[in-house]
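Visitor: I would like to learn how to read a model like this one. Please take me through it feature by feature.

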Amino acid sequence: MTTPVSQSTETQPDGIDPDFASVDDARERLHGVGYLTDDRLATTAYLQTALGKPLLLEGPAGVGKTQLAQSVAAATGRKLLRLQCYEGQDETKALYEWDYGKQLLYTQMLREKIGEIIADTTDLNAAVDRIAAQDNIFFSERFLAPRPLLEAVQSTEPVVLLIDEVDRADEALEAVLLELLAEFQVSVPEIGTFIAQSTPLVLLTSNNTRDLSAALKRRCLHLFLDYPDAERELEIIRSKNTGLADSIAEQLVEVVRTLRTLDLRKSPSISETIDWARTLAVLGVHDLSPSVLADTLNVVLKYERDLALAARNIPRLLDPNAEVPESLGHGHGHGHGHSHGHGDTHGHDDPTPDADGVQAREDKDKPGRHDERYYGSPTAKAAAPRKVPSGQGERSFNRGAARKRPV
């Protein structure tokens, strides 16, 4: 078995010629392709190229992790290769596959040649041994179908390798990545080890749906991307030429930031904020009113529960100091049946102050409120077994036997 080893054309990290000359250069070039960075992000982008290490980006969905990889590729002139991870993904889909169809086609085409090879053999074992000696022909690079990881290593031109949503992949694939992240090489058992000819810039993204292994994190630079502050988010909206007036854009940013403080299943992302700004511009909105928000909330909120919660808090979205009645903010009055333990039997017209309801709920949570007859009480005693008279079963049986079945 041959072991092709591709020598890297780049030196070790101490001598790497970075794609970005400095932190300021990284900031300016990323800004030039439409990605606005703060000092921390620009510093990390520069250090990745200077140190030649993979970069792990973690944070909520929609804060610009994937876009950063695409922007780095555009700013550095590198080719972008992307591996989209998903649950149950086979590592062969990420590394390489054998082109079995091509192997079978070649086998059919070379059938006569195979006959010549085994023509002088005397038994089956000898024929099998003769054919086995030719295995390396069918398990060679000619029949190897590279996937993104191997393609990044084999590429003769500099690339950016994006491993997107690595937290969605199984731990088996995460283990396969360790060799690539540490040595920038990939091992193919039937052939050998491929070493990167040009060190790729590897960026991994994670939405934190599960914890990644310490081994993977140790091999990477790390950056947590969160939602930007109001000033930077407004700057991002302006850079996208949404067509929305600055005064409305400022209001919109504050509305989105207030939405993110609510208990939502999915908070609005930066890209969704941009979509909302474009939506308002298309509608010709000149003022954010409660009706406008109610009609367009579905642009940024994609779950019915989130929409209902935001709709009840529209006054607070427009004015963070506005008082939202608890009956609106709680949201238990629609579709919950009014029977989930508030201890009252009154309807919507009940004049009891909310404070009394709070006190009633607190009373229900006091320890020791249930006596020993309450099912589930820590001090509850098992009920005495029910006594059945000895003749009960006999009488029931006889009564059933005497009952005539209709014909």
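Guide: Start with burial: buried means under 20% relative accessible area, exposed over 50%, and partly exposed in between, with a 1.4 Å probe and protein chains only. Cys-220 counts as buried because its relative accessibility is 9%. Cys-85 counts as buried too, at 2%.

Visitor: What kind of model is this, and how are residues numbered?

Guide: This is a predicted model, where local features need pLDDT of at least 70, side-chain atom pairs count only at pLDDT 80 or more, and totals for chains, interfaces and linings use all residues. Residues are numbered from 1 along each chain as its sequence is written, and side-chain values use heavy atoms, leaving out hydrogens and water.

Visitor: What is the mean pLDDT of the protein chain?

Guide: pLDDT is the predictor's confidence in each residue, from 0 to 100. The chain's mean is 77, and 65% of its residues reach 70 or more. Over residues 327-355 the pLDDT is below 50, yet this stretch has 15 contacts in the model beyond near neighbours in sequence. A contact means heavy atoms within 4.5 Å. Residues 364-380 are also below 50, with eleven such contacts.

Visitor: How many disulfides does a search of the whole structure find?

Guide: A disulfide is a covalent bond between the sulfur atoms of two cysteines. The test is a pair of cysteine sulfur atoms within 2.5 Å. The search finds zero.

Visitor: How many residues does helix α2 have, and how far does α2 reach?

Guide: Helices (H or I, at least four residues) and strands (E, at least two) are DSSP runs, numbered from the N terminus. The expected span of a helix is 1.5 Å times one less than its number of residues. Helix α2 (residues 39-51) has 13 residues and reaches 18 Å from first C-alpha to last, close to the 18 Å expected. Just after α2, Gly-52 has a positive phi of about 70°.

Visitor: Which residues of α2 are buried, and what covers them?

Guide: An α-helix has 3.6 residues a turn, so residues three or four places apart point the same way. In α2 the buried residues include Leu-41, Ala-45 and Gln-48. Their cover includes α1, β1, α3 and α12.

Visitor: Is Glu-233 buried or exposed?

Guide: Glu-233, in helix α12, counts as buried because its relative accessibility is 0%. Among the residues Glu-233 touches, beyond four places in sequence, are Val-256, Arg-257 and Arg-260.

Visitor: Where is Val-256 found?

Guide: Val-256 lies in helix α13 (residues 246-259). Its relative accessibility is 0%, so Val-256 counts as buried. Beyond four places in sequence, Val-256 touches Glu-233, Pro-268, Thr-273 and Trp-276.
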